[in-house]
Amino acid sequence: MNRSTLRQQLADALSDEVLAGRLQPGREFTVKHIAEQYEVSATPVREALFDLAAQGLLESDQHKGFRVREYSVAEFRSMVEARALVVAGVHHQLAIATTDLPQDRLAVLRRRAEEASRAAGAGDLDVLIGYDLRFWGELATMVGNPHIAAFLHQIRVRCWVFSISRLRAELVLREPESRAGGLWSRHVEVVAALARGDEEAVYELLAEHDATALGWADRLEGRGEYAGPPGF
């Protein structure tokens with residue numbers, strides 16, 4: 001296996017560990033520790049860790065190695081607001097790009113939406129995160145601008161890094177008052193709106209999504225009533 005492939009595999013494996021909450025925010029480790037754990041040389045490990053630091057999943061410390069990034073509520077709020085601004089700027093472009101979408105692309109989106117909703121209802125965060133990222137990644141690529149798609153994916157991943165430990169701690173997905181199944185089932189409504197070419201409905205659903213995330217941030221700061229988890 002060449003080094004670049006190993007580097008990507010290590011980055012993917014560690015990213016999964018962070019998003020699954022098995023590597024908790026603030027957790028520190030060294031290149032040597034990861035190299036020994038995966039039984040590989042230090043060079044691809046170091047490269048993979050720096051890749052994850054560039055993506056915002058890790059922080060590097062010249063003297064201590066690396067730690068899982070800890071995002072504050074304020075940082076989470078600013079990420080959601082940034083995402084909302086970008087989506088507001090491209091929603092019309094998205095509507096144009098998704099006009100007369102091929103049925104196979106709609107089918108892929110619909111399948112991922114349904115799987116995300118099903119995982120949310122079952123309280124399976126690991127499966128939910130995977131389908132959620134795939135769903136929004138596919139949607140972002142439809143804008144036709146790879147830089148926008150990359151930015152939105154990066155923000156989505158960082159929001160999950162912030163959210164995952166809090167969701168697990170609160171057991172939000174298993175609390176009836178969280179309305180989690182209903183919130184994440186809105187993925188399906190987005191696909192339905194795209195299928196019928198309803199630009200206004202798509203925009204309203206995306207705006208509601210960000211409003212829900214900001215409401216959750218308010219609750220975490222002790223302001224406002226329970227508004228559910230940060231996504232749908």
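**Helix packing and aromatic pairs in the predicted model**

Val31, Ile34 and Ala35 in helix α2 meet Ala42, Val45, Arg46 and Leu49 in helix α3, where contact means heavy atoms within 4.5 Å. The structure is a predicted model, in which local features need pLDDT of at least 70 and side-chain atom pairs count only at pLDDT 80 or more, whereas totals for chains, interfaces and linings use all residues. Residues are numbered from 1 along each chain as its sequence is written, and side-chain values use heavy atoms, with hydrogens and water left out. Helices (H or I, at least four residues) are DSSP runs, numbered from the N terminus. The axes of α2 (residues 31–38) and α3 (residues 42–55) come within 9 Å and cross at roughly 120°; axes are lines fitted to C-alpha atoms, for helices over the stretch in contact, and angles run from 0 to 180 degrees between N-to-C directions. The crossing of α2 past α3 is right-handed, a term for the near helix being turned clockwise from the far one by less than a right angle.

Aromatic rings of Phe, Tyr and Trp (its six-membered ring) were paired if their centres lie within 6.5 Å, with planes under 30 degrees apart counted as stacked, over 60 as edge-to-face and the rest as tilted. The rings of phenylalanine 76 and tryptophan 216 are edge-to-face, because their planes stand at 80°, with the centres 5.7 Å apart. This pair links distant parts of the chain, 140 residues apart: phenylalanine 76 belongs to helix α4 (residues 73–97) and tryptophan 216 to helix α10 (residues 199–220). Tryptophan 216 also forms an edge-to-face pair with phenylalanine 162, at 5.9 Å centre to centre and 85° between the planes. Phenylalanine 162 lies in helix α7 (residues 146–170), so its pairing with tryptophan 216 in α10 ties together parts 54 residues apart in sequence. Relative accessible area is 1% for phenylalanine 76 and 0% for tryptophan 216; both are buried, that is, under 20% relative accessible area (1.4 Å probe, protein chains only). Phenylalanine 162 is likewise buried.

Helix α4 also holds arginine 77, which counts as buried at 16% relative accessibility. The side chains of arginine 77 and glutamate 221 are joined by a polar contact of 2.6 Å, a pair of N or O atoms within 3.5 Å of which, within protein, one must be able to donate a hydrogen and the other to accept it, residues adjacent in sequence counting only if both atoms are side-chain atoms. Beyond its neighbours within four places in sequence, arginine 77 is in contact with Leu214, Ala217, Asp218, Glu221 and Arg223.

Conventions. Helix = DSSP H or I, 4+ residues; strand = E, 2+ residues; numbered from the N terminus. Buried < 20%, exposed > 50% of the residue type's maximum accessible area, 1.4 Å probe, protein only.
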